[in-house]
Amino acid sequence: MSKSPAPEITAAPGVIRSSNLTSGGGHGWFASGSWSLFAVRRGGRFAGSVVALVTVAFLMLQLIPGDPARASLGPTASIEAVALRRHELGLDQSLVLQYLQFWRGLLTGQPGDSISLRVPVADVIASRFPATAQLALLTLAVVLVLAIPLGLLAAAMTRGGRRRGIELGFNSTAGFFAVIPEFLLGVGLIYVFAVSFHVFPVAGQSGPLSYVLPVAALSIGSTAALARIVRSEALGVLEQDYLRTARAKRMPPLRVYLRHALPNLMTSTLTIAGLFLGSLIAGTVLVETIFAWPGLGTTIVSSILTKDYPLAQTLVVVYGGIVLLINLLVDVLLAVLDPRSTIKES
Amino acid sequence: MASQSARRWASALLSPTGIAAVLGLAVVAVAAVLGPIIWGERASATDLLALSQPPTPEHLFGTDAAGRDVLARTLVATRLSVLMALAASGFGIVAGVLFGLLPGVLPARAGRFVVAVFNFAIAFPGLLITIFLSVIFGQGSLGAVLAIGLSIVPAYARLTHTLASSVDGRDFVAAARILGVGKSKVVFRHILPNIAGPLIVNASVTVGGALIAFASLSFLGLGVQPPEFDWGRMLSEGLGRIFVNPATALAPGIAVVLAGITFTLAGETIARATGVNPGPSSRLRPWRFAKILANDATAVAAQNAGTADKVLSVRNLRVAVPTDAGWFEPVKGISFSVARGELVGMVGESGSGKSLSCMAAAGLVEYPLRVCADLVEFDGVPLLQGERRPPGSSGRKIQRLLGTRLAMVFQDPMSSLNPALKVGTQVAEPGFLHGGLSRRAAWAKAVRRLEDVKIPLATKRAHQHPHELSGGMRQRVMIAMGLMGSPALIIADEPTTALDVTVQREVLSVLNDVHNDTGAAILMISHDMAVVTGLCTRVLVMYQGQLVEDLPTAELLAGKARHPYTRALLAAVPDMDTDRSLPMPTIAEGMDFSAGPSARGEELEEVLS
């Protein structure tokens, strides 16, 4: 589900209306008032979302049917062991106290110990986070660098219904790769490049070559999907009157596309790329499992399988927090790039 | 109506996509229903003599670690994989639709809370939600169905809410409300049926997505647990043995991809059949235009003889537009010319082809429209002969010529300037692209040009973006842009239509000043007789793709127009003597003037109503 069908553009909340369009104020829209309003509003929403996320992660333990302590130890464990585990998990305290302690753990950076690994959860996350971050950021870079030019090129070649053949080829190729789940792609890549041809290592994080297959597995589908979206957005921009003006100036086609069309694509592309980064984070969980990548993804899966609830709970907060943070960053970036965006706050 | 929708279904199902979708669905259905019956035994039969075997004729995809046939297992797994996907999608879609309709039924405040809840949930990727939920529900097929089903809810609720909101404002919903129909009845009787199309289309895509989600979850070991098996489980077992026997991972992998693609294609087919997303239109036969008269050099030379004093000569210009019914010609072979320094106006009702003719002459008409002419010549250089530029001419030279000698001013200055680029950059561009100036020199020249068109504080304005300028100022920026070169002709396509009356006058006077200062000819397109007769010395009248009148303004005003349409047009212009107690004269809808000048002028009274 990491590539959910065509993500709708969530209303970017950069509500900064250009109040004084024709004033000579140069950067009229840069008036501090609208910026602080934006900061308060967006920051408030972020804070609200974080509180909701932490609460949901906390409730996760409470919602497990039956006794989580019993569930984590299995049916054969002694009653004493279960009681001890209940105490370890803090389940013998009142709900309110548990909730407050969960918050304290997160805020002080000491959310307790991992049950299965017997080390502080914070240490596990600190040692595993960089590998996941590298994977995700590298993939995002690859996706952006490939998808935007590809989509723009496809749009330029097929605008106004030109070259139906290329349009069909592009759409079906991109559609095909966008449908293939990244874990299948990963398995296929391992088979071809690691098992058959021994070009790249099969698994693990060891040197630059070991990044190639995981990044490829993660980026191919997203690149295809984003390129498709960039193309359809670009087709819209290429129909605009101001591109007719650009053509009327008889400039080289490359300048028309790169200087006149591309900047007008960035807002929507960025919004969508933000959504992709979110689903990319989810994709890392699968790809890390395939390539035995020493990141957070393998950790969250094993924590669930070993019923290591403190670790799983904290990782849910970490993953959710990353997604919320990405959304926040995208919104801020959009507000900076396109300050006159009047997209309504939902 | 019924036959039309039947035809749409037929054409959608008979398209390559439709055929592939139907075939794929049939295969999936057969495998799901019959798979366990036919191959069930074979799938669980362990062959201790053939553990982890590579593909053999007996076991096409080899055997797994327990010696079971991988192909049979893949086919048998279809039922569980598809059933789980259908169950989760069904649950998720129904819950999502109900949840999405809830804000319409609840009081406003509660409705907003519901929207906030699914907006919060939708921020997280489906797989993360699924993993989170699988902690709560535990591992196993039921837990997986619940987890994936629930992860579908937010996206579907959001889709339903968005669609419902878009329908909510329509008249029939408002009417139902006024008639006192209850909230929930409005939602279920009036809104839901109108958004069903996109919801159904998405359902098919959702099933495909759920299929892949189950495979992912089982692949991670969080879904189906042994001894049950689905495609994801088999894949994860196969990955462990990829060195020994890659085929064991191959078979379930192919199954997941094919099933996923099948449901996507099915969604596309339904979208086409229900008209949610129409497919590509049918191909047209190539446009056949009348034989080009002059192709040999002597004829061209003969034609050129009379064009030395012309800045623009157009002979038999035709434009064709593809429509569902075939090629339509909005410009049906017109010829006109503009002398150097002349002020020419082109009038006609909307759709008469005046704008298209000028765009075609300027080479700005794009695919899929087609242009052909016996000759289009600008500034002494032939641009178009037949459907392309004359043989032997240099495309780059022509572009440079047009970039420096031909200026264009478009109708809507709001949309004609690039919102992402600074005004100065846009004005300066022709300077450094065609004029050989450095960027800095071009910028300085751009500022001077902005001053020339009377833009106050030009230095500062150049650094602003178009949205910071008023409409009249933007139109003057367009004119300044044309002045970067040394224009021989300015084609102004309804330059004042989008502006209010006082600003119109300013823009016209700027155009007039430019004409006086540079000697540039102006070809002004307008539907406003007063504007044209005020500025221009000669008027061209277009009617239904043809040029019906070409005469000096003075003669036009003296009542010497020959064509009845021109006379009707002229009579419709009010002046100071017009009796304002009477309704303004208009040209009656559906009047046909195509009979041409032979129609008698006395009929004018009948023409005007």
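How much of residues 312–569 of chain B is helix, and how much is strand? In this predicted model, the chain over that stretch is 39% helix and 29% strand, and its end C-alpha atoms sit 26 Å apart. UniProt, in an unreviewed entry, lists these residues as "domain: ABC transporter". The stretch listed for chain B as "domain: ABC transmembrane type-1", again from an unreviewed UniProt entry, covers residues 78–267. There the make-up is 84% helix and 0% strand, with the end C-alpha atoms 20 Å apart.

Chain A also carries a "domain: ABC transmembrane type-1" feature, which an unreviewed UniProt entry places at residues 129–330. That span is 84% helix and 0% strand, and 21 Å separates its end C-alpha atoms. Of its 346 residues, 43% count as buried. Looking at contacts in chain A between residues at least 6 apart in sequence, 73% join residues at least 24 apart.

Next come the cores. The largest nonpolar core has 168 residues, and those with the most contacts inside it are L226(A), I148(B), L211(B) and F214(B). Helix α3 of chain B (residues 70–105) gives the most to this core, with 16 residues. Another core lies apart from it and has 93 residues, among them V311(B), I479(B), V510(B) and A561(B). As for L211(B), setting aside its neighbours within four places in sequence, the residues in contact with it are S81(B), A85(B), V256(B), A259(B), G260(B) and F263(B).

On to the sheets of chain B. One is an open sheet of 4 strands, in the order β2-β1-β4-β5, with antiparallel pairing. Strands β2 (326–339) and β5 (381–386) stand at its edges; each has a single partner strand, so one side of each is left without a neighbour in the sheet. From one strand to the next, the twist averages 15°. Strand β4(B) (residues 370–378) runs antiparallel to β5(B), and 4 bridges join the two. Across from E377(B) stands P382(B) in β5(B). Helix α12 of chain B (residues 354–361) packs on this sheet, where it touches β1 (310–323), β2 and β4 of chain B; the direction of α12(B) makes about 115° with that of β1(B).

The other open sheet described here has 6 strands in the order β6-β7-β8-β3-β9-β10 of chain B, and its pairing is mixed. Its edge strands are β6 (406–409) and β10 (546–552) of chain B, each pairing on one side only. Here, too, the twist averages 15° from one strand to the next. Within this sheet, β7(B) (residues 489–493) and β8(B) (residues 521–526) run parallel and are joined by 5 bridges. One of the residues involved is L489(B), whose bridge partner in β8(B) is A521(B). Helix α18(B) packs on the sheet and touches β6 and β7 of chain B, its direction making about 170° with that of β6(B).

As a rule, an α-helix has 3.6 residues a turn, so residues three or four places apart point the same way. After α16(B) comes K454(B), with a positive phi near 65°.

R241(B) lies in the loop between α9 (231–240) and α10 (247–274) of chain B. R241(B) and H467(B) are 226 residues apart in sequence, and C-alpha to C-alpha they are 62 Å apart in space.

Conventions: Residues are numbered from 1 along each chain as its sequence is written. Chains are lettered from A and ligands numbered from 1 in the order in which they are written. This is a predicted model: local features need pLDDT of at least 70, side-chain atom pairs count only at pLDDT 80 or more; totals for chains, interfaces and linings use all residues. UniProt positions are given in the numbering used here, feature names are shortened, and annotations may be inferred rather than shown by experiment. A nonpolar core is a set of buried Ala, Val, Leu, Ile, Met, Phe, Trp, Tyr and Cys residues joined through C-beta atoms within 7 Å. A residue is buried if 20 or more other C-beta atoms lie within 10 Å of its own, exposed if 12 or fewer, and partly exposed in between; C-beta atoms are placed from the backbone. Two residues are in contact if their C-beta atoms, placed from the backbone, lie within 7 Å. Two strands pair if DSSP finds at least two bridges between them. Axes are lines fitted to C-alpha atoms, for helices over the stretch in contact, and angles run from 0 to 180 degrees between N-to-C directions.
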